[in-house]
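Dear colleague,

My notes on it follow, arranged by topic.

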Amino acid sequence: MSKTIHDMFSKIAGTYDRTNSVLSLGIHHLWRRTLIKMSQVKKGNAILDCATGTGDVAIAFYKKNGNDGRIVGSDFCAPMLELAEKKSKEKYPEIEWQIEDAQNLSFADDSFDIATISFGIRNVDCTEECLKSMARVVKPGGRVLILEFGQPHWPIKPFFNLYSGYILPFIGGMISGEKTAYKYLNTSSAQFPTGKNFVALMEKTQAFSEVKYKSLTSGVCYIYVGIVAS
Ligand SMILES: C[S@@+](CC[C@H](N)C(=O)[O-])C[C@H]1O[C@@H](n2cnc3c(N)ncnc32)[C@H](O)[C@@H]1O
């Protein structure tokens, strides 16, 4: 599974940002802004963005905090990280980019104040391993945040299903040449646990003392926040 996912992201890396902006109509910037706000990031914090892709969350943290603290963007797909590095090297040279599997992070325990993963956790082999791995590298009392697609509710559900089932794979396929990747986006999002079901998964890890969540854009996306247990 991981190899299939890795190869899929390697193939779409070059067109990822463009396709994202077109398909989300730019709304993904708002979702990421809400993620940063809910992280309650403070100056001097050490932040890890897992499955960073082309690095937008890590860069958004930099824009908020500047060169104060530490920001690391990690991903297991080198072509995605290369684009992140290219995008950031002039304006945000202090951001560190590192190849990492989010399920088995190599950082020492308690290395970060905040760890995030946006639109990445749906793709890992084992959600619980990924959550535990992220919680391990965050200090007790720190935050693990997950931004992920959900299944939107009425009244936008039928429009969304039409959009994500047909329009999204068509346009995504046209821009990237990889229609299968955008079909996978639809099917994997439709099957992924959302809302209270995802909270239950987070609680099952016993890594968090508190878990809360917020639904965005009528349930198209969710942000989950886990406070790391001591
Ligand atoms: C949909 S992209 C999201 C990228 C970025 N976080 C964003 O919000 O645009 C998913 C990313 O997850 C990465 N990924 C998938 N499984 C991973 C794993 N086990 N460890 C690290 N990265 C992974 C992929 O390489 C890809 O860059």
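In which sense, left-handed or right-handed, does α1 pass α8? The crossing of α1 over α8 is left-handed. Please bear in mind throughout that this is a predicted model.

Helix packing

Two packed helices are described by the angle between their axes and the distance between the axes. For α1 and α8, the latter spanning residues 179-191, the angle is about 120 degrees and the axes are 10 Å apart. Since angles from 65 to 115 degrees count as roughly perpendicular and only those over 145 as roughly antiparallel, α1 is therefore oblique to α8.

A second pair is formed by α6 (residues 127-137) and α9 (residues 196-204), whose axes come within 9 Å and cross at roughly 60 degrees. Because of that angle, α6 is likewise classed as oblique to α9. Here the crossing is right-handed.

The ligand site

The ligand is surrounded by 20 residues, and the closest are Tyr16, Arg32, Ala51, Asp75 and Ser118. Sorted by class, this shell comprises 10 nonpolar, 6 polar and 4 charged residues. Helix α1 (2-12), already described in its packing against α8, supplies at least two residues of the shell, and α2 (16-24) also supplies at least two.

- Phe76: a backbone N or O atom lies 3.3 Å from a ligand nitrogen atom.

On its own the ligand has 600 Å² of accessible area, of which the protein covers 98%.

Backbone geometry

Two loop residues deserve a look when you inspect the backbone. Phe119 is located in the loop between β4 (112-118) and α6. Its phi is near 55 degrees, a positive value in a residue other than glycine.

The peptide bond between Trp154 and Pro155 is cis, with omega about 10 degrees.

With kind regards

Conventions. Residues are numbered from 1 along each chain as its sequence is written. This is a predicted model: local features need pLDDT of at least 70, side-chain atom pairs count only at pLDDT 80 or more; totals for chains, interfaces and linings use all residues. Side-chain values use heavy atoms; hydrogens and water are left out. A residue is near a molecule or strand if one of its heavy atoms lies within 4 Å of it. A polar contact is a pair of N or O atoms within 3.5 Å; within protein, one must be able to donate a hydrogen and the other to accept it, and residues adjacent in sequence count only if both atoms are side-chain atoms. Accessible areas come from the Shrake-Rupley method with a 1.4 Å probe; for residues, only the protein chains shown count as cover. Helices (H or I, at least four residues) and strands (E, at least two) are DSSP runs, numbered from the N terminus. Ala, Val, Leu, Ile, Met, Phe, Trp, Tyr, Cys and Pro count as nonpolar, Asp, Glu, Lys and Arg as charged, and the others, Gly among them, as polar. Axes are lines fitted to C-alpha atoms, for helices over the stretch in contact, and angles run from 0 to 180 degrees between N-to-C directions. Angles under 35 degrees count as roughly parallel, over 145 as roughly antiparallel, 65 to 115 as roughly perpendicular and the rest as oblique. A crossing is left-handed if the near helix is turned anticlockwise from the far one by less than a right angle, and right-handed if clockwise.
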